Amino acid sequence: MVSKVNGIVIKEFDAGENGKRVIVLTREHGKMSLFIRGAKTSKKGMQAVQLFSCCEFTIFEGRGFYSVTNVYVIESFYGIRNDFKCLTYASFILEVTERVSFEELDGDRVFELLFRTLSVLAGGKSKPRLVSAVFILRLLKEYGFMGGVSCCPSCGAEIEEGFYTVWADGIYCAKCASEGAKKLDRGAVRALRHITESSMKKIFAFDVSDVVLEELWKLAMAYRKEYLGEKYNTLGYIESMNF
Ligand SMILES: [Zn+2]
């Protein structure tokens with residue numbers, strides 16, 4: 001059976017002499033594994049299928065796997081490769097996406113989030129660390145791992161400064177915060193509200209000070225460790241390079 005899917009390449013492997021297998025996050029079916037015969041020699045534009053690229057794949061399903069018969073590159077996000085720091089953070093984002101996405105799951109929201117995130121990174125005008133924190137926090141929200149930011153889940157008070165623990169169901173006020181909860185200053189609470197509540201179109205339309213950025217990064221990493229797992233190849237690199 002032949003069909004078309006829109007997908008972003010999140011992982012790639014060599015397969016055979018000239019072939020390639022790619023893991024793709026598709027809008028239509030979540031994560032898919034696609035085989036590209038003659039990926040390195042074909043004249044049909046198959047070489048353009050690389051990490052980060054968003055393509056329309058024409059696929060053929062046979063004997064339990066999917067082969068790509070034609071490809072149209074929608075966006076290569078080539079700008080990501082122009083800056084090493086940007087490339088490292090973008091690779092981390094792909095690793096997280098690969099870890100949390102599933103097959104045969106409607107991938108529409110996460111696909112849109114990833115597409116917008118890579119677009120902003122490729123544009124080269126935003127801080128890659130902030131873009132990555134926004135991606136992870138919104139991803140956690142989309143998967144239901146992060147509670148509300150507006151009101152304290154215990155007493156209902158409006159949150160200005162907040163306190164969080166990774167197992168809590170939202171951001172708590174000072175009175176209701178449990179022992180050991182970590183503090184988020186007003187700027188970080190405002191940014192978190194924007195990241196989790198605004199439309200996908202607007203999530204990157206803000207900037208923060210370096211201090212707030214570090215609060216958001218620590219928050220994103222605490223939740224990532226709890227819900228999205230440890231041992232990311234690129235994360236160790238990010239922390240050791242300190243960028
Ligand atoms: Zn409270």
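This is a predicted model: local features need pLDDT of at least 70, side-chain atom pairs count only at pLDDT 80 or more; totals for chains, interfaces and linings use all residues.
Residues are numbered from 1 along each chain as its sequence is written.

Let's begin with the domains. The assignment gives domain 1 (2–75) and domain 2 (79–241), and such bounds come from an automatic or database domain assignment. Taken over C-alpha atoms, the centres of domain 1 and domain 2 are separated by 29 Å. How many residues of domain 1 are in contact with domain 2? There are 14 in domain 1, and they are in contact with 18 residues of domain 2. Here, two residues are in contact if their C-beta atoms, placed from the backbone, lie within 7 Å.

On the side of domain 1 that touches domain 2, the elements giving two or more residues are β1 (2–15), β2 (19–26) and β3 (30–36).

Now for the helices. Helix α1 covers residues 84–100, which makes 17 residues, and reaches 25 Å from its first C-alpha to its last, close to the 24 Å expected at 1.5 Å a residue. That expected span is 1.5 Å times one less than the number of residues. The buried residues of α1 include Cys86, Tyr89, Phe92, Ile93 and Val100. A residue is buried if 20 or more other C-beta atoms lie within 10 Å of its own, exposed if 12 or fewer, and partly exposed in between, with C-beta atoms placed from the backbone. What covers the buried residues of α1 includes β1, β2, α2, α3, α5 (210–228) and α6 (233–241).

Let's look at one residue of α1, Thr88. Is Thr88 buried or partly exposed? Thr88 is partly exposed, because 19 other C-beta atoms lie within 10 Å. Leaving out residues up to four places away in sequence, Thr88 touches Thr234, Tyr237 and Ile238.

Next comes α2, with 16 residues and a reach of 22 Å from its first C-alpha to its last, close to the 22 Å expected at 1.5 Å a residue. Its buried residues include Val110, Phe111, Leu113 and Leu114, and the buried residues of α2 pack against β1, β2, α1 and α3. Just after α2, Gly124 takes a positive phi of about 75°.

How do these helices sit against α3? The axes of α2 (residues 108–123) and α3 (residues 128–142) come within 10 Å and cross at roughly 175°. That makes α2 roughly antiparallel to α3. By class, this contact of α2 with α3 has eight nonpolar, one polar and three charged residues. For α1 and α3, the axes are 9 Å apart and the angle is about 10°, so these two helices are roughly parallel to each other. Their contact divides into eleven nonpolar, one polar and two charged residues. Axes are lines fitted to C-alpha atoms, for helices over the stretch in contact, and angles run from 0 to 180 degrees between N-to-C directions. Angles under 35 degrees count as roughly parallel, over 145 as roughly antiparallel, 65 to 115 as roughly perpendicular and the rest as oblique.

Finally, some loops. Most residues other than glycine have a negative phi. Phe52, in the loop between β3 and β4 (54–62), has a positive phi near 80°. Phe77, in the loop between β5 (65–75) and α1, has a positive phi near 50°. Phe52 counts as buried, with 23 C-beta neighbours inside 10 Å, and Phe77 counts as buried with 23 such neighbours.

Why does Ile159 count as buried? Because Ile159 has 23 C-beta neighbours inside 10 Å. Not counting residues up to four places away in sequence, Ile159 touches residues including Cys151, Cys152, Ile171 and Cys173.

Technical notes:
Helices (H or I, at least four residues) and strands (E, at least two) are DSSP runs, numbered from the N terminus. Ala, Val, Leu, Ile, Met, Phe, Trp, Tyr, Cys and Pro count as nonpolar, Asp, Glu, Lys and Arg as charged, and the others, Gly among them, as polar.
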